[in-house]
Amino acid sequence: MDARDVVASSEAVLVDFDGPLARLLPGRRWLELSDRVRARAGELGGPALEQALEGQPDHVQVLRSAAARAPEVGPPLAALVTRVELAAAEEVAPGAGAVAFLEECLERSAVAVITNNDPRVVGLVLDRARPGLTDRLAVVLGRVDDRLDDLKPSPAMLHSALRTSGVGAATAVFLGDSVTDVEAGLAARVRVVGVAEDATRRQELLTAGAVAVVASVADLLCTGGPDRR
């Protein structure tokens with residue numbers, strides 16, 4: 001399936017932020033934050049909780065899992081994650097082609113950004129590059145500290161974005177870079193296009209159920225390079 005055609009024909013384009021649009025914690029910084037969250041969870045909830053969180057590299061999923069096991073540790077862990085994310089957002093720029101992609105989509109579709117990060121990072125990064133860009137989006141949805149169960153792979157934020165956009169799931173597409181993004185899209189009955197630079201990750205996204213994959217949102221521009229499926 002041609003990823004560019006899927007996106008161009010959709011009435012609503014839902015996009016994950018960290019990965020498809022910007023790399024909020026590049027290099028090993030996201031792994032280092034995961035380690036910090038696990039260690040802090042151990043301080044707050046005991047060694048058994050820290051051990052239960054082993055093997056999860058995504059800091060947001062560590063936060064989600066910790067709060068599910070020990071709700072009392074959720075607020076302080078979320079505060080830690082939010083501080084790091086907001087500081088990081090002051091230093092990063094949108095990925096290559098990300099702003100052009102959003103602007104092209106806005107000419108024909110409703111566009112929503114859906115992120116497991118603090119939603120404020122979206123405006124900090126995108127509006128610095130193109131002032132007022134997020135004001136043109138249908139909605140920006142992100143982590144709410146007392147509703148961590150709504151984080152992807154839950155489809156809750158996708159459902160909310162579709163309601164706000166007034167578009168049915170069958171005529172929407174979701175762009176994400178993780179298996180949890182694919183799971184959220186499938187649960188919401190929305191087609192998923194995977195976006196990942198790494199070829200192994202792209203295959204993982206296809207195996208999880210993405211209808212197509214590309215290396216970058218720049219590959220989805222109608223004036224861009226060849227589609228990498």
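A: Helices (H or I, at least four residues) and strands (E, at least two) are DSSP runs numbered from the N terminus. This is a predicted model, in which local features need pLDDT of at least 70 and side-chain atom pairs count only at pLDDT 80 or more, while totals for chains, interfaces and linings use all residues. Residues are numbered from 1 along each chain as its sequence is written, and side-chain values use heavy atoms, leaving out hydrogens and water.

A pocket is here an open set of points, on a 1 Å grid over the protein atoms alone, where a 1.4 Å probe fits, with protein on both sides within 12 Å along at least five of seven lines, and lining residues have an atom within 4 Å of a point. Of the 37 residues that line the largest pocket, Asp18, Gly19, Arg23, Asp177 and Arg201 are the closest to its centre. The lining comprises 14 nonpolar, twelve polar and eleven charged residues, where Ala, Val, Leu, Ile, Met, Phe, Trp, Tyr, Cys and Pro count as nonpolar, Asp, Glu, Lys and Arg as charged, and the others, Gly among them, as polar. Helix H4, helix H9 (179-187) and helix H10 (199-208) each supply at least two residues of this lining.

H9 and H10, both suppliers of the lining, pack at an angle of about 25 degrees with their axes 9 Å apart; axes are lines fitted to C-alpha atoms, for helices over the stretch in contact, and angles run from 0 to 180 degrees between N-to-C directions. H9 is therefore roughly parallel to H10, a description used for angles under 35 degrees, whereas those over 145 count as roughly antiparallel. In this contact (heavy atoms within 4.5 Å), Val179, Val182 and Leu186 of H9 meet Glu204, Leu205 and Ala208 of H10, and by class these are five nonpolar residues, no polar ones and one charged.

Beyond the end of H9, the loop between H9 and strand S5 (191-195) holds Arg189, which has a positive phi of about 65 degrees although Arg189 is not a glycine. For comparison, most residues other than glycine have a negative phi.

The remaining named supplier of the lining, H4, spans residues 59-69 and packs against helix H2 (residues 29-45) at an angle of about 20 degrees, with their axes 8 Å apart. H2 and H4 are therefore roughly parallel to each other. From H2, Trp30, Leu33, Ser34, Val37, Arg38 and Ala41 meet His59, Val62, Leu63 and Ala66 of H4, and this contact has seven nonpolar, two polar and one charged residues.

H4 also packs with helix H5 (residues 74-89), and here the axes come within 9 Å and cross at roughly 165 degrees, which makes H4 roughly antiparallel to H5. His59, Val60, Leu63, Ala66 and Ala67 of H4 meet Gly74, Leu77, Ala78, Val81 and Glu85 of H5, and the contact again divides into seven nonpolar, two polar and one charged residues.

Elsewhere, the second largest pocket has a volume of about 160 Å³, and the residues that line it include Val140, Leu141, Gly142, Arg143, Asp150 and Met157. Strand S3 (139-141) and helix H8 (156-165) each supply at least two residues of that lining, with H8 giving the most, three residues. By class, the lining of the second largest pocket has six nonpolar, two polar and three charged residues. The loop between S3 and H8 contains Pro153, and Lys152 is joined to Pro153 by a cis peptide bond whose omega is about 25 degrees.

Terms used: Angles under 35 degrees count as roughly parallel, over 145 as roughly antiparallel, 65 to 115 as roughly perpendicular and the rest as oblique. Grid points are joined across faces, edges and corners, and a volume is the space filled by probe spheres set on the points.
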